[in-house]
Amino acid sequence: WVDHVLVDMNQIIHLCSRKATCEEHLFVKIFSTLDKLFRLVIPVRSVFLVVDGPGTLKRLLTIPPSLKEYFAASKAKLIEQRRRRKARKSVRCSLLT
């Protein structure tokens with residue numbers, strides 16, 4: 001039990017935004033993290049959630065789209081690799097017959 005709790009939200013937001021797949025998922029992760037924190041430390045009088053400046057907002061706006069682009073590129077690369085494997089298999093099969 002503690003009287004006052006001050007939470008630096010920048011680190012929480014940054015870590016959660018790296019793992020989030022969309023905006024809704026980001027907020028679920030943030031609230032889940034805060035829930036875990038407040039199970040460990042029980043505030044009696046006050047809680048301060050501190051976010052300093054627009055840098056975090058910039059991260060919120062830029063990280064999820066970049067993750068989507070990364071995953072889209074990875075998925076496209078994986079699909080292309082599978083297509084090439086199938087093409088090689090069909091060539092091998094046609095050579096055997």
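**View 1. The largest nonpolar core of this predicted model has ten residues.** These are Val-5, Val-7, Met-9, Ile-12, Ile-13, Cys-16, Ala-20, Leu-26, Ile-30 and Leu-34, a nonpolar core being a set of buried Ala, Val, Leu, Ile, Met, Phe, Trp, Tyr and Cys residues joined through side-chain atoms within 4.5 Å. Strand 1, helix 1 (9-19) and helix 2 (23-40) each give two or more residues to this core, and helix 1 gives the most, with four residues. Helices (H or I, at least four residues) and strands (E, at least two) are DSSP runs, numbered from the N terminus. The model is predicted, and local features need pLDDT of at least 70, side-chain atom pairs count only at pLDDT 80 or more, and totals for chains, interfaces and linings use all residues. Residues are numbered from 1 along each chain as its sequence is written, and side-chain values use heavy atoms, with hydrogens and water left out.

**View 2. The surroundings of Val-7.** Not counting residues up to four places away in sequence, Val-7 touches Ile-12, Leu-34, Leu-37, Phe-38, Phe-48, Leu-49 and Val-50, where contact means heavy atoms within 4.5 Å.

**View 3. Ser-17 in helix 1.** Ser-17 counts as buried because its relative accessibility is 1%, buried meaning under 20% relative accessible area, exposed over 50% and partly exposed in between (1.4 Å probe, protein chains only). A polar atom of the Ser-17 side chain lies 2.9 Å from the backbone oxygen of His-14.

**View 4. Trp-1, in the segment before strand 1 (2-8).** With 79% relative accessibility, Trp-1 counts as exposed.

Conventions. Polar contact = N/O pair within 3.5 Å; in protein donor to acceptor, adjacent residues only side chain to side chain.
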